[in-house]
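Hi,

Here is the structure I promised to send over. Have a look at it first, and then read on for what turned up.

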Amino acid sequence: MNTLAQAPAIPRDYSLTGPSSRQAIEIGLASAEWYHTEIPRKVMKDLMQRRDGPALRDTILWVLGHVLMAWGGIYFWGTWACVPFWIAYGVLYGSACDSRWHECGHGTAFKTGWMNDIVYQIASFQVMRNPVAWRWSHARHHTDTYIVGRDPEIAFMRPPAVVKLILAFVGIEGAYSSLKVLVRQATGTLSPDELDYIPESERGKAIFAARVHIAIYAATIAAALAWQSFIPLMLIGLPRLYGCWHMVMTGLLQHGGLADNVIDHRLNSRTVYMNPISRFIYWNMNYHIEHHMFPMVPYHALPRLHELVKADYPPPSPSIWAAYVEMIRAVRCQLDDPEYYVRRDLPPTAKPYRDEFHNVFLSR
Amino acid sequence: MTDWIRACATDDIDPEDLIRFDHGDRTFAIYHAPDGRFYATAGRCTHENVHLCDGLVMGHLIECPKHNGQFDYRTGEAKRAPVCVNLQCFPVKVEGDDVFIGL
């Protein structure tokens, strides 16, 4: 690990083909062996078991929620009474889609493969992500979590772009850039970063998926024009803007303000205790250290996993509010000093207490 | 000519589970299928540098613990993204209570 401490100082370059990427490979941060808490094999096998029941229940509620809230929004259209319905519809569409995309992408939400695939495709569309490209992007995120130059899903770059982070809550920048990417992919062009993480055999599928998404958006706009109504857009597409705030609120907490270029998820990820509604929308991804350390454990087993490993982890943030206080303080420090990050103290019970993961300061 | 190496005892692996077996500088995964048969594959996932021994066996599939890619461990066939490259398989024989892998 000494080689990490001796790494030469270079500015952060978040592209996957630049100097940070080359340095990450050279010093062994790419595809590294990460720390994981020891759990007896029989217990782990039990935690990893797949079930259809919890995800079927949650998906039925999710779909019913879409239908009821859309009905209320349309029924009361033109009056203030429609507002709460559209707010709720927006969150179910534009925020809950992210966790459904995520869990079904891992293939852990349902036991039955095709159920994972169907929900994955729907949620990918809702969140405006190419279902093929993002599967590979997310695989890389798990291989090289917050390794600069390797992880394509670093939401919290340094120094932080505060205006962009605030705008993310209304989805304008995110939806616009996602649409731009989908349009580019639909024309058959993949970026250098995408070519870096999507295998050749999958690239045609990625382009086809982008074309399907763009065709649905085009049909929605055509319907709105034909019916001279805003409602088709309120149902499809726009919820990604007006309903994404919960996805952004929870998503920024996953790694925001914490260390990058470490190979211990306890140091670069955050577990936050949340209320039951947020946990339903977020499908328990508030147990984010647990998810990264053991990504094959389904969302419904994460609370059980948390109880087993918490003595080996830093104390979780007690609430969304507390986590934001910690993160915003870090952001303010990073505006002056991009090298600043929240240093996690592992509990004395951490087993083993791994100095090589915990105390190495990555000089740049 | 196949060199048969003893990998483990039959009761070292629960049914529908696997263990890691290292030999020289090579590492393997030995499986105990639900039907009682034993199989062997290369130990590391073909997608990234992750050992399969921490993964989950579901019927005749092994799921990589890191990215949830799946292989049929009887044939090595890659069954679910992000794995695209098949896994190398090795012959296995059982003699008495011992499992041997053919290298």
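Predicted model: local features only at pLDDT ≥ 70, side-chain atom pairs only at ≥ 80, totals over all residues.

Between chain B and chain A, 13 residue pairs are in polar contact, counting pairs with both residues at pLDDT 80 or more. On the chain B side, β2 (17-23) and β5 (56-58) each supply at least two of the residues that touch chain A. Sorted by class, that side of chain B has 9 nonpolar, 5 polar and 8 charged residues.

Charge pairing shows up here too: there are 4 salt bridges across the interface of chain B and chain A. B:Glu63 and A:Arg50 form a salt bridge, with 2.5 Å between the closest N and O atoms.

How many residues are in contact on each side? Chain B brings 22 residues and chain A brings 25. About 1800 Å² is buried between the two chains, and carbon and sulfur atoms give 45% of that area. Within chain B, the residues that lose the most area to chain A are B:Leu56, B:Lys66 and B:Arg80, together 28% of what that side buries.

Now for a spot inside chain A. Helices α6 (residues 96-106) and α8 (residues 133-143) of chain A pack at about 80°, their axes 11 Å apart. Angles of 65 to 115 degrees count as roughly perpendicular, so that is how α6(A) and α8(A) lie to each other.

Best wishes

Notes: Residues numbered from 1 in each chain as written. Chains lettered and ligands numbered in written order. Heavy atoms only, no water. Contact = heavy atoms within 4.5 Å. Buried area = accessible area lost by both parts, 1.4 Å probe. Salt bridge = Lys/Arg side-chain N within 4 Å of Asp/Glu carboxyl O. Polar contact = N/O pair within 3.5 Å; in protein donor to acceptor, adjacent residues only side chain to side chain. Helix = DSSP H or I, 4+ residues; strand = E, 2+ residues; numbered from the N terminus. Nonpolar A, V, L, I, M, F, W, Y, C, P; charged D, E, K, R; others polar. Axes fitted to C-alpha atoms, helices over the stretch in contact; angles between N-to-C directions. Parallel < 35°, antiparallel > 145°, perpendicular 65-115°, else oblique.
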